[in-house]
Amino acid sequence: MYRVGGLVEFALSEPQISCELIADGHHVSPALMKMLYRAKGPGGICLVTDATAGAGLPDGSHFSLFGNNCIVEGGVCLLADRSALAGSVSRMIDLIRTMVNKVNLPLHEAVGMATQNPARAVGLETKGRLAVGADADFVVLSPELDVLRTFSGGQEIFSRRNAT
C-alpha cells in the first residue's frame, strides 16, 4: 500500500510555502500546531485570525454580523440559532498567547509569526520589523501578554492606563 501526498504534504514539505494558522485552540489543536511548527519552523507560519465583529467578546455576547444575529459561546462565534460557526473571537494577541502558552514557543517567534512573516508573505518588506527604513507598528506587552500600549505611524493609539 502507498499513499499519494496531497496539498497538506506539499505545503509542509516545501520551504518556500508559508502556512496560515488560526491559533485559537478551536480551529487546530495545540498538538497539530506543534507538528506544523516542527515541519515549517518559525519562519514558515503566518498567524491569521478569522475573527469577526465578535472579536474579544466574552461568552454569552450577542452581536450582528452582516444582518445575521450571532452569539459567542465556547470561545467561538456561532449563528444565534447555533446552526453554524461564524468565525472565531480571537484577536491577534490571543493567537500569540496560544502559541506561547499552549504550544510553548518563545515569545519573539510567536510575535514574528503575527508580524514579520505575514508582511513578508504578501511582499511588504518594510513592515513587521524594527530596522532602519522599516515602517513598523509597535505593541508593548506585559509579562502576562496583555497589551499595555500600541503605536502606529509614530503615534500612540492605545494605552491601557487611558482605557476604561
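Residues are numbered from 1 along each chain as its sequence is written, and side-chain values use heavy atoms, with hydrogens and water left out. In this predicted model, local features require pLDDT of at least 70 and side-chain atom pairs count only at pLDDT 80 or more, while totals for chains, interfaces and linings use all residues.

The protein contains five helices and nine strands, where helices (H or I, at least four residues) and strands (E, at least two) are DSSP runs numbered from the N terminus. The order of elements from the N terminus is α-β-α-β-β-β-β-β-α-α-α-β-β-β. Taken along the principal axes, the box filled by the C-alpha atoms is roughly 60 × 50 × 30 Å. Of the 164 residues, 32% are buried; buried denotes under 20% relative accessible area, exposed over 50%, and partly exposed in between (1.4 Å probe, protein chains only). The accessible surface is about 9900 Å², and carbon and sulfur atoms hold 57% of that surface; areas come from the Shrake-Rupley method with a 1.4 Å probe, and for residues only the protein chains shown count as cover. Among contacts (heavy atoms within 4.5 Å) with a separation of 6 or more, 42% join residues 24 or more positions apart.

The largest nonpolar core comprises 18 residues, and those with the most contacts inside it are Leu 21, Ala 23, Leu 47 and Met 99. A nonpolar core is a set of buried Ala, Val, Leu, Ile, Met, Phe, Trp, Tyr and Cys residues joined through side-chain atoms within 4.5 Å. At least two residues of this core come from each of β1 (19-21), α2 (30-40), β2, α3 (92-101) and α4 (107-114), and α3 gives the most, with four residues. Not counting residues up to four places away in sequence, Leu 47 touches Leu 21, Ala 23, Met 92, Leu 95, Ile 96, Met 99, Ala 110, Met 113, Ala 114 and Pro 118. Another core lies apart from this one and has seven residues, among them Leu 65, Cys 70, Cys 77 and Val 89. In α4, the buried residues are Glu 109, Ala 110, Gly 112, Met 113 and Ala 114, and the buried residues of α4 pack against α2, β2, α3 and α5 (116-121).

Two serines in loops are buried. Ser 61 lies between β2 (45-47) and β3 (62-65) and has a relative accessible area of 16%, so Ser 61 counts as buried. The side chain of Ser 61 reaches the backbone oxygen of Pro 58 at 2.8 Å. Beyond residues up to four places away in sequence, Ser 61 touches Cys 70, Ile 71 and Val 72. Ser 90 is found in the loop between β6 (85-88) and α3 and is buried at a relative accessible area of 8%.

Most residues other than glycine have a negative phi. Asn 104, a residue other than glycine, has a positive phi near 65°; Asn 104 sits in the loop between α3 and α4 and is exposed, at 54% relative accessibility. Leu 145 likewise has a positive phi near 65° and belongs to the loop between β7 (138-141) and β8 (147-152), but Leu 145 is buried, at 7% relative accessibility.

Terms used
Polar contact = N/O pair within 3.5 Å; in protein donor to acceptor, adjacent residues only side chain to side chain.
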